[in-house]
Amino acid sequence: MGLAMPVGFDQSRIVFQGNAEGSLGLNLIRDESGGQEMPGEDGVPGPVSGSNSRQSTLNAKGGLSVRAASRVRQFLDENFTRKLALAEMAAVCGLSPYHFVRAFSRTFGMPPHQYVLGLRLDFAERLLADSGMTIADIAHSSGFSSQSHFTTVMKKYRQMTPLQARMGKLSAKFR
């Protein structure tokens with residue numbers, strides 16, 4: 001009682017994998033004819049949405065491709081200290097600004113502006129801890145428009161002022 005397969009049909013191995021909720025996730029492993037990974041029902045190769053496997057957010061449906069995400073991350077890492085236009089960031093990925101914001105947010109979990117602010121704050125905190133620069137100079141070097149803007153953003157996202165951060169880092173060094 002064998003089933004006849006249509007000519008040209010590629011067989012795949014199917015593996016059922018339990019996840020934390022106790023349900024089964026379906027994994028298509030490899031196409032036996034070419035050794036390529038087969039897409040799941042969401043179009044992403046490898047684990048299907050319901051499995052417990054570690055799935056990169058870079059492959060999120062509607063997000064940036066791995067290559068585009070890498071390119072934009074590198075671009076932002078190199079240019080976060082200067083004024084950046086959304087169209088410029090979108091051009092790195094070859095997308096319109098509208099689609100870029102949606103894909104970036106889907107991939108990185110936050111909009112591009114918030115991501116850039118995070119890079120600027122991280123850099124500014126390192127300067128606060130390791131340099132004798134004034135807070136105004138650190139704000140300017142980090143890409144903030146003014147010391148006031150830097151202070152406002154730092155209070156909002158890090159719950160402390162630049163001076164409090166500097167004092168906290170200094171006291172930590174002497175403990």
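1. The structure contains six aromatic pairs (ring centres of Phe, Tyr or Trp, the last by its six-membered ring, within 6.5 Å; planes under 30 degrees apart are stacked, over 60 edge-to-face, the rest tilted). This is a predicted model, where local features need pLDDT of at least 70 and side-chain atom pairs pLDDT 80 or more, while totals for chains, interfaces and linings use all residues. Residues are numbered from 1 along each chain as its sequence is written, and side-chain values use heavy atoms, without hydrogens and water.

2. Phe 80 counts as buried at 10% relative accessibility, Phe 123 as partly exposed at 23% (buried is under 20% relative accessible area, exposed over 50%, partly exposed in between, with a 1.4 Å probe and protein chains only).

3. Phe 104 and Phe 108 form a tilted pair, 4.5 Å centre to centre and 35° between the planes. They are four residues apart in helix H3 (97–108), so about one helical turn separates them. Both Phe 104 and Phe 108 are buried. Phe 100, Phe 104, Phe 108 and Tyr 115 form one aromatic cluster.

4. Do look at H1 and H4 too: the contact between them (heavy atoms within 4.5 Å) is made by Arg 73, Leu 76 and Asp 77 of H1 with Tyr 115, Val 116 and Leu 119 of H4.

Terms used. Helices (H or I, at least four residues) and strands (E, at least two) are DSSP runs, numbered from the N terminus.
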